[in-house]
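Have the viewer open while you read.

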Amino acid sequence: MSSASDHVHTLAKEQVRKALTAAKNDKRWGWQEVSELLTELGIEQTPNNLTTRQSRGAFKASDFLLLLRSMGVTHLDLSALEIPGLAPATRKVEANKKARLSKPG
């Protein structure tokens, strides 16, 4: 991975950690309670495993969303995830799409 890619992944992992910490704090839960809830849902995760995964920011997207929703989170604000170069990259992709669509035949 490039340095820019590493930086973006680091930012995303930090956002995952912050979102999970905030959700746990809102419920005044620890990983023990989260583990118990997941067990009730048929998903076996030990508190230690959850702690390790959070510290690494290593949750799959599906696990991350499941954890947040199971703790009562219904909205996720991604505006705090500032991705360097996102606006210019988005404009370039949109311009390329417009150019492709405007070509005849």
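What follows covers confidence, then helix packing, then a few individual residues.

This is a predicted model, so to speak of local features a pLDDT of at least 70 is needed, side-chain atom pairs count only at pLDDT 80 or more, and totals for chains, interfaces and linings use all residues. Residues are numbered from 1 along each chain as its sequence is written, and side-chain values use heavy atoms, with hydrogens and water left out.

**Confidence**

The pLDDT (the predictor's confidence in each residue, from 0 to 100) averages 87 over the protein, and 97% of the residues score at least 70. Helices here are DSSP runs of H or I with at least four residues, numbered from the N terminus. Among the elements, helix H1 (residues 3–27) has the lowest mean pLDDT, 86, while helix H2 (residues 31–40) has the highest, 92.

**How the helices pack**

Two packed helices are described by the angle between their axes and the distance between the axes. Axes are lines fitted to C-alpha atoms, for helices over the stretch in contact, and angles run from 0 to 180 degrees between N-to-C directions. Under 35 degrees counts as roughly parallel, over 145 as roughly antiparallel, 65 to 115 as roughly perpendicular, and the rest as oblique.

The axes of H2 and H4 come within 11 Å and cross at roughly 100 degrees. That makes H2 roughly perpendicular to H4. On the H2 side, Val 34, Leu 37 and Leu 38 meet Leu 66, Leu 67 and Ser 70 of H4; contact means heavy atoms within 4.5 Å.

H1 and H3 pack at about 135 degrees, with their axes 8 Å apart. That makes H1 oblique to H3. Lys 13, Arg 17, Leu 20, Thr 21 and Lys 24 of H1 make this contact with Gln 54, Ser 55 and Arg 56 of H3.

Which residues of H4 are buried? They are Phe 64, Leu 67, Leu 68 and Ser 70, where buried means under 20% relative accessible area, exposed over 50% and partly exposed in between (1.4 Å probe, protein chains only). These buried residues pack against H1, H2 and H3. Just after H4, Gly 72 takes a positive phi of about 95 degrees.

| Residue | Relative accessible area | Class |
|---|---|---|
| Gly 57 | 9% | buried |
| Gln 45 | 16% | buried |
| Gln 15 | 16% | buried |
| Arg 28 | 77% | exposed |

Gly 57 sits in the loop between helix H3 (47–56) and helix H4 (61–70). Leaving aside neighbours within four places in sequence, Gly 57 touches Lys 13 and Arg 17. Leu 11 is 46 residues away from Gly 57 in sequence, yet the two are 9.9 Å apart, C-alpha to C-alpha.

Gln 45 belongs to the loop between H2 and H3. With neighbours within four places set aside, Gln 45 is in contact with Ser 35, Leu 38, Leu 50 and Arg 53. Gln 15, by contrast, lies in helix H1, and under that exclusion of neighbours within four places, Gln 15 is in contact with Asp 77, Ala 80 and Leu 81.

Arg 28 is in the loop between H1 and H2. Most residues other than glycine have a negative phi. Arg 28 is not a glycine, but has a positive phi of about 60 degrees.

**A charge over a ring**

Lys 27 lies over the face of Trp 29, 4.9 Å from the ring centre. The criterion is NZ of Lys or CZ of Arg within 6 Å of the ring centre and within 35 degrees of the ring normal.

Technical notes. Helix = DSSP H or I, 4+ residues; strand = E, 2+ residues; numbered from the N terminus.
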